[in-house]
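Subject: The model, and what turned up in it

Hello,

Here is the structure I promised to hand over. Please open it alongside this message, and my notes follow below.

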Amino acid sequence: MESSGTGQSTLPSASSSPTSNTPIPQPSATSPSLKSTPPSPTTSPETSSAQQLVAKLSNEEKIGQILMAGIPATGASTQDRANISENSLGNVFLKGRSNAGVTATKAVVQRATQAVEEGQSQGIVPWVSTDQEGGLVQVLKGNGFSRIPSGKIQGSWSAQLLEQNAMSWARELSKAGINVNLAPVADTVPSAKFAPSNAPIGYFGREFAFTPQAVTESVRAFSHGMRKAGVAPVVKHFPGLGRMTKNTDVAKNVTDTQTTRNDSYLEPFKAAVADGNDWVMVSNAYYSKIDPANIAPFSSTIMRGMLREDLGFTGMIISDDVCDAAQLSPWSLATRATRFFEAGGTVLLCVESSKTVIMAKALNAKAAQDPAFAKLIDAAALKVLEAKLD
């Protein structure tokens with residue numbers, strides 16, 4: 001049940017740190033494998049339009065479409081906006097904490113979106129994401145945003161109630177200009193007794209339940225609610241963080257020694273894929289019984305083998321933060337970026353815009369020198385644009 005060593009239990013997500021506010025339940029709400037060679041084009045209008053759009057983009061713009069740069073939820077700095085516009089970065093992530101409310105957050109998003117548009121030739125709408133799980137991991141608060149309870153409390157609700165509340169929370173995000181939510185948490189913590197020892201999830205009450213079946217029900221309900229209100233949910237953290245004691249945000253060599261390729265704990269992810277969710281986030285951990293040599297964002301076995309082939313996932317594989325997480329510290333920023341896409345990733349999340357720029361330049365250099373790698377970049381950009389045009 002435990003990985004080797006004892007880790008700190010801070011920073012429940014790569015993007016944010018805990019707050020001391022006690023979550024208040026909301027009992028009711030208003031209802032609403034990437035291959036080395038890219039896949040053969042289909043004849044659907046969406047794909048055709050996306051292919052035409054990819055062909056119009058510079059290499060820098062294509063790379064910008066597959067990167068997601070972090071900016072403070074309280075507002076991007078002048079340097080952040082310059083980093084975005086001058087390097088054609090196509091997507092942003094609101095990090096940290098904001099109590100400013102919907103109206104002020106909408107203004108933050110509009111300024112960030114303007115910076116994205118200034119760096120593009122084709123006016124492609126950006127993904128604007130945040131961490132709005134609930135409990136200690138709720139980036140956006142204040143007037144117009146509900147206080148969302150923890151996953152543990154959400155999991156005690158009926159599927160119908162959770163779906164209704166998720167729909168309401170998604171509508172709040174949409175009003176602020178957010179179109180992607182890095183939630184729900186699909187990790188299964190084995191038991192209530194073990195939860196306090198599970199540094200990334202159970203310690204913070206982020207889990208919906210303690211069995212894959214119960215987690216699956218809540219993941220589906222949360223995802224359905226988000227999607228009905230027009231916000232894309234991101235199911236995380238594949239293939240699971242519920243069995244380890246160390247947190248990849250603050251510790252190195254974090255390893256799951258139990259999860260297998262056909263593990264029952266994969267069921268929530270499998271169900272989410274079958275339901276048509278377009279986003280899955282991979283964790284930053286090692287999985288010794290799956291691919292002991294590579295952390296998940298560097299593992300073709302996990303991303304192409306398990307997600308693409310075993311689960312039949314055709315959507316976007318997004319990384320957890322690969323810039324500030326301690327687990328990634330042994331590798332340079334350039335290596336982190338190139339290895340993620342070589343292993344089959346689609347969108348790379350980096351919570352620091354300046355570090356995202358370093359990664360963008362490294363990807364540009366690699367694509368210019370390596371035609372096979374350039375094809376991987378093209379395939380990832382195509383997948384992103386297919387989703388944006390859908």
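Predicted model: local features only at pLDDT ≥ 70, side-chain atom pairs only at ≥ 80, totals over all residues.

Two strands pair if DSSP finds at least two bridges between them.

Let me start with strand S1 (residues 67-72). Five of its six residues are buried, so S1 is largely enclosed by the rest of the structure. One partner of S1 is strand S14 (residues 348-350), which pairs with it in the parallel sense over three bridges. There you will find Met68 opposite Leu349 in S14, while Ala69 has Cys350 of S14 as its bridge partner. S1 is also joined to strand S2 (residues 91-95), by four bridges, and these two strands run parallel. Here Pro72 stands opposite Lys95 in S2.

Now on to S3. Across from Leu94 stands Thr130 in S3. To get from S2 to S3 the chain passes through H4, and this β-α-β crossover is right-handed. S3 also pairs with strand S6 (residues 180-181), in the parallel sense and over two bridges, and there Thr130 stands opposite Asn181 in S6.

Which way do the residues of S3 point, and are they buried or exposed? Trp127 and Ser129 point one way and Val128 and Thr130 the other, and all of them are buried. In a regular strand the side chains alternate between the two faces of the sheet.

**Helix H4**

Helix H4 (residues 101-118) has 18 residues, which at 1.5 Å a residue should span 26 Å; the end C-alpha atoms are 26 Å apart, in agreement with that. Buried in H4 are Gly101, Val102, Thr105, Val108, Val109, Ala112, Thr113, Ala115 and Val116. They cover an arc of only 155 degrees around the axis, so they lie on the same side of H4. An α-helix has 3.6 residues a turn, so residues three or four places apart point the same way. On the face of H4 turned away from its buried side are the exposed residues Thr103 and Glu118.

**Aromatic rings**

How many aromatic pairs does a search of the whole structure find? The answer is eight. One of them is formed by Trp127 and Trp279: the ring centres are 5.4 Å apart and the planes stand at 80 degrees, so this pair is edge-to-face. It links distant parts of the chain, with Trp127 in strand S3 (residues 127-130) and Trp279 in strand S10 (residues 279-282), 152 residues apart. Both Trp127 and Trp279 are buried.

Tyr203 and Phe204 form another edge-to-face pair, at 4.9 Å centre to centre with 80 degrees between the planes. Tyr203 has a relative accessible area of 46%, so this residue is partly exposed, whereas Phe204 has 8% and is buried. The cut-offs behind those words are under 20% for buried and over 50% for exposed.

There is also one aromatic cluster, made up of Trp157, Trp169, Phe208 and Phe222.

Two contacts between a charge and a ring may interest you:

- Arg243 has its charged end over the ring of Tyr265, 3.7 Å from the centre of that ring.
- Lys366 lies over the face of Phe373, 5.8 Å from the ring centre.

Finally, a look at Arg171, which lies in helix H6 (residues 159-175). Its relative accessible area is 30%, so Arg171 is partly exposed. Between the C-alpha atoms of Arg171 and Gly225 there are 9.6 Å, and the two residues are 54 apart along the chain.

Happy viewing, and best wishes

Methods. Residues numbered from 1 in each chain as written. Heavy atoms only, no water. Phe/Tyr/Trp six-rings, centres within 6.5 Å; stacked < 30°, edge-to-face > 60°. Buried < 20%, exposed > 50% of the residue type's maximum accessible area, 1.4 Å probe, protein only. Lys NZ or Arg CZ within 6 Å of the ring centre and 35° of its normal. Expected span 1.5 Å × (residues − 1). Arc of directions from axis to C-beta. Right-handed = clockwise from strand over helix to strand, strands pointing away.
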